[in-house]
Structure formats: C-alpha cells, structure tokens
Amino acid sequence: MADSVALFTSIGLSEQKAKETLKNEALSSALKDAVVQAQKLLRSTNIDKGTGTLLYSMASRLRDTRRLAFLTEHIAKRKITTDLQLSAALDYVKSHPQDPMDQKAFETACGVGVVVTPEQIEDAVELIIRKHKQQLLAERYRFNMGILMGEARAALKWADGKMVKNEVDMQVLHHLGPKTEADLEKKPKAAKPKAPEKEKEEEKQNNAVNGEVKMEGKTLMEQLRGEALKFHKPGENYKTEGYVVTPNTMNLLKQHLEITGGQVRTRFPPEPNGILHIGHAKAINFNFGYAKANNGICFLRYDDTNPEKEEEKYFTAIKDMVEWLGYTPYAITHASDNFQCLYELAVELIRRGHAYICHQRGEELKGHNAPPSPWRDRPIEESLVLFERMKNGMFAEGEATLRMKMVMEDGKMDPVAYRIKYTPHHRSGDAWCIYPTYDYTHCLCDSIEHITHSLCTKEFQARRSSYFWLCNALDVYCPVQWEYGRLNLTYTVVSKRKIIKLVETGTVRDWDDPRLFTLTALRRRGFPPQAINNFCARVGVTVAQTTMEPHLLEACVREVLNDTAPRIMAVLEPLKVTITNLPANAQTEVRIPDFPADETKGSHVVPFSKTIYIEQSDFREVMEKGYKRLTPDQSVGLRHAGYIISVQRVIKDGSGKVVELEVTCASSDSAEKPKAFIHWVSQPLKCEVRLYERLFLHKNPEDSAEVPGGFLSDINPNSLQVVESALVDRSVSKAKVFDKFQFERVGYFSVDPDSTADKMVFNRTVTLKEDPGKI
C-alpha cells in the first residue's frame, strides 16, 4: 500500500487523496497502469502536476479500459494538455468503441496540435463585439456578457478559457469605460401583464390535448419525450456514463437493434406480494409514460421469484391499477416465464468461474461486513455438481446458496443468485425448489426482453454495477439502468408490513381503506386516475427523492373533479322544513344543471314539494354578526328553485333541540334579494356518508423522534366519521360504484362499493376548498 501511495503522490495527489483512491479497486488499478506507462514513455519518474491531474481525471472517468494505454500515451506526449481536450477524447472513445481506432479522426476531434494565438483570440472577440455593439452600447453593463463569452468559446473551441475571458473583459472596458453609478443600480423587474380569465380558460382547454393536462410546468409527456431526459438512444447504450464495453458489445447491440428495430422498450416490474401505492404511480407513469412519449412499448412484468409471499389477488390488483391509470401493457410477462433460461445461465456463470456454491447461513451473510466465504475458491466442477443437487432437492432450506463473485457498489460481497425454498410456486407449482434472487433475475429478464431503458428508483443505484457485471459476465445483451427519485407522501405509511399491521389491528378495514394511500384505496375514495397522473407530472421526473404533502395531491383531485363531477344536492345533517303557503299535494320539478358554469353539459330533474330538508348549520335561531343564512329575522334563497323562504315558526323537541321549521316561500322575482342561497333536498334518498381525515396525527408517523411510541400510537381518532342518515336527491339512484359527484356547498363524493339497492354509501373524496389548517 505504501508503494501505491508514493506512486500517486508523485503525480501531485495529496496523501489523503491517494489513500482514498486506493479504496476504489478499479480506479487505483487503472491509475497505476497509467502512471507506470507514462513514466516509461517519459523515461522518468518525475511527472508534472498538470500531466498527473489529467492522468487521474482520465482514469476516474474512462469506462472502456481498452483505451487506457491509448489515452495515456496522448497525455504523456502532451498531445492532450487541457481538461477540455480530455473531455473531447473521452467522448470520442465512448462513441467509437469499435476497433481499430481512427487516430487521425480522434486527434482532429480532440484538437491535437491546434494552437490558438493571442492575436487570433483578439480578432475573434473583436468581430463578436462588433456584431453586438449597438445593443452593448445601449444596455452597457446590463448587457448579457454570457452571449459574448458563449460565441467566443464556440469560435475558439481550443483556446485557453482564461485568455478568452480576459480579452472579452478588456475589449468591453475599452468600449464602455469604467462602471458608473447608473450601471450599478439594480435593473427593475418588468411587471407581467395579467391574462384575462377567458384567455386563461382557452389556454387550459388547449393544453388538454391527448389527455395531457398542463400543470404549472410541462406535461408528463413533454418531460419524457425525446431528448428531454438526456437518455441514450436505443442501440447507443455504450454512450452512457458507467456502461461497460466488452469486445462483444457492439455485436450484441447490433443483434439487439435487429430484434427491436430501434424501438424504445421499458418495463414495470412489481413484486406480486402487495398492493401498489402512490409511489408506484410515479413508477407506472415513468415507465409506461416514457415508452408512450417515444413511440415505444412497455411490459408489465411480475417479479414472481418469492413463492412464499405471492397471491393471485396481488397479480390481479396490480394489472387493474396499471389499466386504471390509463396504460395498456404491450405484454404481461413473469420472471417465472424464464426460470429454465435463468437456470441455464446460472450453470454457465459457474462454468465461467463467476459463481460458486456456498454453505454460509443467512444470518452470517447479513450486513456489509459479512466474513468472506470459505467456499469462494471451490472448484468449478464441484459447484456444478452441488448446484444440480440443489435443483434436485438434496439440500435443506438455507443449507446451500449460489453466490456470484463480485463486489457491489455499497461494498456488499458476493450477492446470492439462487436460494432453496420448498414452497410451491403460484405458476410453476412444485417444478422448482430453487429460486433466483432480484440481483440475479432483474437484469437478465431485462436482457431477455431486450429492454432499452431499465428505469428504477434511486435506491437501486448501488446495484447498477452488478447489473452491468452480470450481463457482461454471461456475454448477453446489456440494457442501461437509469435511476429516478422515489415519491413519498407525509401523514401516511406505505410499507406492506405496516399496512398489514393496520389491517390486523382493525385500524383500517383492508388495503383499500380510503384513509390509506394505496392505489386501490385512492380509487375507492374517489380520486380520479387523471388527477394522480397530473400529480406525478407536477412532481416531475426528479432524480432526488421527493416528499410531498397530501394537500398537493388533493389540489390535483379538485382540478379534475371540478371539470368532471356533476353537481347534485345532498344534506348531511337534515333539518325538516315545511312550506306552509304551499298546498299539501303541491309538487313541481326543478331542472338543475350538472355544471352551472356550462349548462350545455347536461342537467337533471329533482322534485320540489311542501316538505324539504336543509342543513342544520344553515339555520340559527339567534342572529350573529356576519351570519348570512336563515334565521327567524333573515330570509334565504333556495338554490335553483327560484324561491326565497322566511321562518314563521321554530319547532323543538323535549330537550329544546330544533327539529322542524315552518316557513313561507315567495318567488325570487318578486322578493328582495337575500344575502345567501342554500341547498336543499325534497323527497330524497336516505344514504350513508363517510367523511375522511388524515389517518395519522403527525407528518412523519414512522419517525421515532417525532412519534416515540411508533406509528400505531399516532392514529387520528377522528380519521373516519360516518353519517348514517344523510339525504341525497333522487337523481343519483342509478349511479354506479366509483361514480363521482360534487355535493353542492359540501364537497366531492364517490359511490362506495358497499352501496346496495336499499342504501347508497358515499365517500368524501375531498372538501370543496383546501383546509388552511392542513398546509
């Protein structure tokens, strides 16, 4: 180690940096080779710091180590002398992995031998300033100098950046002179003109193209389309940072393109051992959305390699939720479709010396400092025989595993590829007693399906090198893994284990309890799929993990329901009202628009008779300042009916509670306009209404610092309120499960699956307006 530290410090690295470099086996090996080669070429152990810096930068950034000697020679011989040239060189070798290398084209691309004189810099800058002189003189130092620098760097690609900047600064000073007090004043911001409401509405309608609802920024499709994400093009996997190029890579990519025709291929690979949640909605939108935005295809692939936890209901629910969000899989596949192929590849991995049978127990392998396996150097033939015995059921569970000879990015050594489980598989029954792990299965199934972009959440970044390693160790097509940030919500839990606890303790009814944030729960609560997709678009395709507040999702729900949920009238806490100046048998019909803001979108009819029901909160016996609804001294209008009612008599029960009002009505055309109009129902249907609030009291119920007693101690006792005697107008009598309505002045509601022919049940989806206390 001391020799290596001395070697690295000899090229200008600090001792600490040299020691850190040695921790990275691949980097330290490449840097040693580069330094030793450079010393031989220079016939000296003295390498100047500038050359040393370039060698270190090259070794740390180069992925195709076949080009190490080639680049080292160009650096040692001072053909490449700047970081700009090195970046161009690395880009060139990445995009030209074929042999032999065209040295002339390479050196042209890297500016080898190009000398830019001070006179050339002066002349180029002078031409650029002349081009912008009029605007420069008018705006003086408020002019965007970045334009001058950008054009100068484009014209003088291989010039020294500092020399270019100094020349630009000097010539600007020559034309403008020193800065004055006026130059130092802040430029006032121009006020943005407000768009008229009509223009805003037209813009909103124009943005709703092909189901894409425009949020504050870009639609999801705009975020995922074409070059927006800087992803590689199909077949150009080798241009991706970190992608490992082997001698057979280009041939495999050529075969891949012949099979796919250059089509984008993604996959959504859930484990069928639980219900999808709001975080999965982002994954679904990202995987299916990226394929859709780029005219590609997306597979729904069940990662069914753990037979102990898989159930039919999960397979069905996952497919339902993908389709509910508006996506249709190109094909539905299973990891188990490939069990035979995966087994044969495992045998090949052993034959190539990259895997072995190990007898360490599971508890010995836990953590990142597990002891090395004493069986790592076991003979290949012996591992082949033992693997066959594993397959034939000749070992007990945990007695043997197949492990891969590799070190993962997080330092974990030799991950398990196969383990023994004597549990019948959901699809293959008792055909297998050995099952592949995620680390082994995932990349190989991607390869088998010729996936172009393997999109996964950020925590799988530590497995990217193992992904590339396994495909290359077996010499099969290697897709590219791209990571994005998880989507989390506050005031909830989404872990399968914790949701099971909530169900088992009776805190919630099941996985689809509307207080949860599983997708089945959100559907039951009445969240439209468009709103969830819009929420994902608003969150954006971020690399960093995102934690959002529930009220932001609810805002997306309101936006969709405001345009799609018909208005009806319902009374949650009824108060009987008898209109005394109408005959006993009086009955008329009132036509109510489904969408008052646009009456062309339809209407429905409700009866109006002598007896109606209003909300108890819409009457107060004692007048209070600011109260605008019904009192003994204040009339109120009835929405849509064309009547204004006035109280004549207040009827109470034995406890003094108001149970009925007797009123008179007058036409709104002849009476004085009231301060308010209230909703009502007549000859209504009785229904049950379930009002939901947040399930947890604290923002982070899983945080022991915030909730020391654990998430089960943080349950909101008022998270569900059941109103059993609510009344709703008869127009909803034929509504189907999950149909959505706005109860005027109350909120948005959805028909619950518990509804029967005798009694409808409604779930409150969201209130009409955001509760400021929740922000």
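Me: At roughly what angle do helix α18 and helix α21 cross?
Reply: This is a predicted model, where local features need pLDDT of at least 70, side-chain atom pairs count only at pLDDT 80 or more, and totals for chains, interfaces and linings use all residues. Residues are numbered from 1 along each chain as its sequence is written, and side-chain values use heavy atoms, leaving out hydrogens and water. The axes of α18 (residues 339-351) and α21 (residues 438-448) cross at roughly 110° and come within 11 Å. That makes α18 roughly perpendicular to α21 (65 to 115 degrees counts as that).

Me: Which residues make the contact between α18 and α21?
Reply: From α18 you get Cys341, Leu342, Leu345, Ala346 and Leu349, and from α21 Tyr440, Thr441, Leu444, Cys445 and Ile448. Contact means heavy atoms within 4.5 Å.

Me: How many of the residues in the contact of α18 with α21 are nonpolar?
Reply: Nine are nonpolar, one is polar and none is charged.

Me: New topic: where does Thr518 lie?
Reply: Thr518 is in the loop between α23 (496-504) and α24 (519-525).

Me: Is Thr518 buried or exposed?
Reply: Thr518 is buried, with a relative accessible area of 0% (buried means under 20%, with a 1.4 Å probe and protein chains only).

Me: And what is Thr518 in contact with?
Reply: Leaving aside neighbours within four places in sequence, Thr518 touches Ile275, Leu276, His277, Ile499, Trp511 and Asp512. The Thr518 side chain also reaches the backbone oxygen of Trp511 at 2.6 Å.

Definitions and conventions
Axes fitted to C-alpha atoms, helices over the stretch in contact; angles between N-to-C directions. Helix = DSSP H or I, 4+ residues; strand = E, 2+ residues; numbered from the N terminus. Parallel < 35°, antiparallel > 145°, perpendicular 65-115°, else oblique. Nonpolar A, V, L, I, M, F, W, Y, C, P; charged D, E, K, R; others polar. Buried < 20%, exposed > 50% of the residue type's maximum accessible area, 1.4 Å probe, protein only. Polar contact = N/O pair within 3.5 Å; in protein donor to acceptor, adjacent residues only side chain to side chain.
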